[in-house]
Amino acid sequence: MNVKALKTTVGIWLCLIGVFIIIHFAYLFAGIDSDNRVIVDDVLLTILILFLNKKYLNLKLNHQVDISVGEVLRINSLPIVIYFFYITSWFAKLPNTSLYHIVDALLLALAVAVFEETFFRGILINNMLRYSARSFSGYLSVILCSSILFGVTHMVNLFGQSFSATLLQAINAFSIGVMLAAIYLRTGSLKWTILYHFMLDFTGIVINEGIVIAAPTPQRWFGVFVIDILYIFTGFFLVRKTQRKKLVF
């Protein structure tokens, strides 16, 4: 990845962080403290970045690619397996969950998934690829850079939860980012990354009864570490050198 790709991408990301901080302190000043503000924030931010992309960046976020259903299923093998555990968790938790909380979780998870995938996988990856060589090392740099920024962004959750919980989220976000970036590069479509992101967040919100998580136990650290290794391995496996011709960008 060349310097221009890195500078422009980090610059776009810093603008997002700046907007988030301004919004956060605006809520503090107004005395608003609710998880539902995230729904409003992410919907407005999605509209804003799509407008700015159309006006200034002109990045193509979804790419037409001739790919079979079987290939899509193979690319999404790990997410499909994890979906089973998510759905199992729903059956265990949802009967004891109020309809209001279920609807709230649906809207919150959907807003977050659409915004974060549009920005981190759509805007940032395409912006980096605009200035980067279509080589194996170039793709790896794009995946790692977008995933690092995705992980670091989650450190803003320090405003509302413990350092250990936030650090765990950041590391987990980086690992998930590696897999989702690879899936995006292989399929050319944000719908698959949005679907997994939505399922992940919806399950987490329902189980944790909100977006703030408690300080993780050693057992949870270990569990997240194991799944993160799977995420990273899956991501690098999907973009290995022998699959270079299957990358759609």
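Buried here means under 20% relative accessible area, so glutamate 71, at 13%, counts as buried. Keep in mind that this is a predicted model.

**Salt bridges around glutamate 71**
- The count comes to four salt bridges.
- Arginine 186 meets glutamate 71 at 2.5 Å, N to O. That pair ties together distant parts of the chain, with arginine 186 in helix α7 (residues 163-187) and glutamate 71 in helix α3, 115 residues apart.
- Both arginine 186 and glutamate 71 are buried.
- Arginine 74 also bridges to glutamate 71, with the closest N and O atoms 2.8 Å apart. These two sit three residues apart in helix α3 (residues 69-75), about one turn of the helix.
- Arginine 74 counts as exposed, at 52% relative accessibility.

- Within α5, arginine 121 pairs with glutamate 117, four residues along the helix, and their closest N and O atoms are 2.7 Å apart.
- Arginine 121 is buried at 0% relative accessible area, and glutamate 117 is buried at 0% too.
- Helix α5 (residues 99-131) packs against helix α6 (residues 136-153) at about 145 degrees, the axes being 10 Å apart. Their crossing is right-handed.
- Arg121 turns up again in this contact: the α5 side includes Phe120, Arg121 and Leu124, and the α6 side includes Tyr139, Val142 and Cys145.

**A nonpolar surface patch**
- Phe222, Phe225, Val226, Ile229 and Leu230 make up a nonpolar surface patch with about 490 Å² of accessible area together.
- Phenylalanine 225, in helix α9 (residues 218-238), is exposed at 51% relative accessible area.

Methods: Residues numbered from 1 in each chain as written. Predicted model: local features only at pLDDT ≥ 70, side-chain atom pairs only at ≥ 80, totals over all residues. Heavy atoms only, no water. Patch = residues over 30% accessible without salt bridge, like charges linked within 9 Å, V, L, I, M, F, W, Y side chains within 5 Å. Areas by Shrake-Rupley, 256 points an atom, 1.4 Å probe, with all protein chains shown as cover. Salt bridge = Lys/Arg side-chain N within 4 Å of Asp/Glu carboxyl O. Buried < 20%, exposed > 50% of the residue type's maximum accessible area, 1.4 Å probe, protein only. Axes fitted to C-alpha atoms, helices over the stretch in contact; angles between N-to-C directions. Left-handed = near helix turned anticlockwise from the far one by under 90°. Contact = heavy atoms within 4.5 Å.
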